[in-house]
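Here are my notes on the aromatic side chains in this one. Have the model open while you read.

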Amino acid sequence: MTQTPSSLLLVGSGPLPSEKRNGGNAGGLRTEQFLRSIPEGFDVSIFVVENEEYKGIKTKKEVRQLRHVSVSRHDPNIFRHLRQFYWRNSPTCVVGVNFFPCYLASCQIPKHVPFWADMNGWAMAEKQAQAFALQTNDYIPLAKKMEKEILVRADKVSVVSKAQKYAVYGEMAMIGLLTKDSFRHPFVEVIENSCRPLSSEEALAEKYFRGRVCPEDAIIAVWIGGMNAWADEKTLFEACELVMAKVSNFYFFMTGTDLLGIDEESYPRFQKRVKKSRFHDRFHLLGWIPYEHVPSLLREADMGINVDRMCAETEVGARNRINEMLRYELPIVTTMGSEIAEIVGQSGAGLTCESGESREIANAIEKLCQDKNLQKRCIVAGQTLIKTRFSDTLLQRDFCAWLKNPTHSPKAMLKKKGVFSVGLSYLRHRGIRAFWGRVLREVYSRFS
C-alpha cells in the first residue's frame, strides 16, 4: 500500500491573497488555490517568486507546518536560492504553479523527484500578445525554450482550459513525448480557476465608494485588474460611453493600470479616451487601490464587465476577474471567446456579446441596468456555477489524488534515433521482405 508522502515543496508566484498586500495578481491567486487544496498531514515548504525588486530571501511566518520564503524574480541568485531551499527541506515531491516558477523548478529539482507543473495560461499565446503590444518578437524564442524545459521535466501538467490542454498536447507531440510508452498516461489535467468562498472580512466589507466617490443611487459597473494586450480598451470605452449617454446614473470603475514590461500601451490609451470624454466624471480609474478597498468596491458594484480582443490568448486563457466577480455575486457582461465566458453565458450567470461590438455590449449593460429580475437570475445562476463547477473541492481532485501517490510519467528518452537503429527496429517488427521493400522505396523517393 502506497504511503502518503510526508513533505512537499510548492514553487509559486506571489504575493498571495492571504498576505493582503496591494497589487495582488493572477499568479498569486493560482498559487493559493493549489496551496489551499493540499491535504492535512503534509509538511509543506513554499518558495514564492515575486515581481518586486529586492535581493535575498524574505522569510515569512510559519502556518500549519508551512515554511514560506519569498524571492524577487529579478534576483540574479534566484536559481541558487531555490536549489538551496530544496536541499534544506528535501521534499518527497515538488509542485510548480505558474509559468516562471515551473521553469525554475524544472531547472533545479533533481530528476528522481516527481514534479507536477501547473502551467496557468499558455505562455506562447501570452508572449504573442506581448509581442503585439511591444511590437517585437524578441521574447518569443526564450518562452519557447522555457516551455519545452518544463514539459520535458514535468511528470504531470495542469492547465486552465480544455483549449490549453490541446495546445500543450500539440507541443508534447512536437518534442517527442507522445510515444508508445505514454499511450495511456494522462499527462495533462484541466484545473480551472476556482471561486473561493468569501472570508468574513470580504463578506462584511463596509461601504466606501457610494456617497463618497459616486452618488448613492449610482449603477456601478466594475473592471478589476490591469489591462493586458488582450483587453479591448477601445470597445470597452465606446460601450461605456454609449450607456452613459442613455443611463444618467451609470458609472464605470476600474482598478489596476498598465502592466510594466508586458503591456504599457492599452491602459494609457484608455486613460486618454476617458480624459477627452464628455462623461469623464463618471469614469473612475482607481489604479492599484489598497487591498481593503477591493471587497468594498465589489460589494457595492451592480455588475462586472470583461471585454477581450479575439486572439489566441483569449481562446486559450482564463479570466480571473470573472471568477472574482462571481465570488461577489455580480451579474456579468463579457465578450465571448474565452472558455469561462462561454460557461457564464450558458449557465445564465451573465450576458455574452461578440468581441469588438461596442453597441451590442452597451445594449447588454443597459438591459442589466433596467431589469432587476434579470440581475437576480444571473446572481442565482452564478452561485450555482460556483457550487457545481468552480469550487476547490471539485477542481483540485486530480491534483490531490496525485499527491497521494506522486509517480513519474512514462516518458521515452528524447534522443533522436539514427537511421541504423530505426532500420533495425523496422526489420525486427516487419520482417526481411518488408524491410527491403521499405529500403527500395526510400532510395527511389530520394533519387527519382
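Which residue lies over the face of Y54? That is K58, at 4.0 Å from the ring centre.

1. A word on the source: this is a predicted model, where local features need pLDDT of at least 70 and side-chain atom pairs count only at pLDDT 80 or more, while totals for chains, interfaces and linings use all residues. Residues are numbered from 1 along each chain as its sequence is written, and side-chain values use heavy atoms, with hydrogens and water left out.

2. Back to charges over rings (NZ of Lys or CZ of Arg within 6 Å of the ring centre and within 35 degrees of the ring normal). Besides K58 over Y54, look at R321: its charged end sits over the ring of W223, 3.9 Å from the centre.

3. The structure holds 13 aromatic pairs (rings of Phe, Tyr and Trp, the last by its six-membered ring, with centres within 6.5 Å; planes under 30 degrees apart are stacked, over 60 edge-to-face, the rest tilted). One of them is F209 with F253: the centres are 5.8 Å apart and the planes at 80 degrees, so this pair is edge-to-face. Both residues are buried (under 20% relative accessible area, with exposed over 50% and partly exposed in between; 1.4 Å probe, protein chains only).

4. Now find F252 and F283. Their ring centres are 6.0 Å apart with planes at 65 degrees, so they too pair edge-to-face. Both F252 and F283 are buried.

5. Finally, pick out F34, W116, F399 and W402, which form one aromatic cluster.
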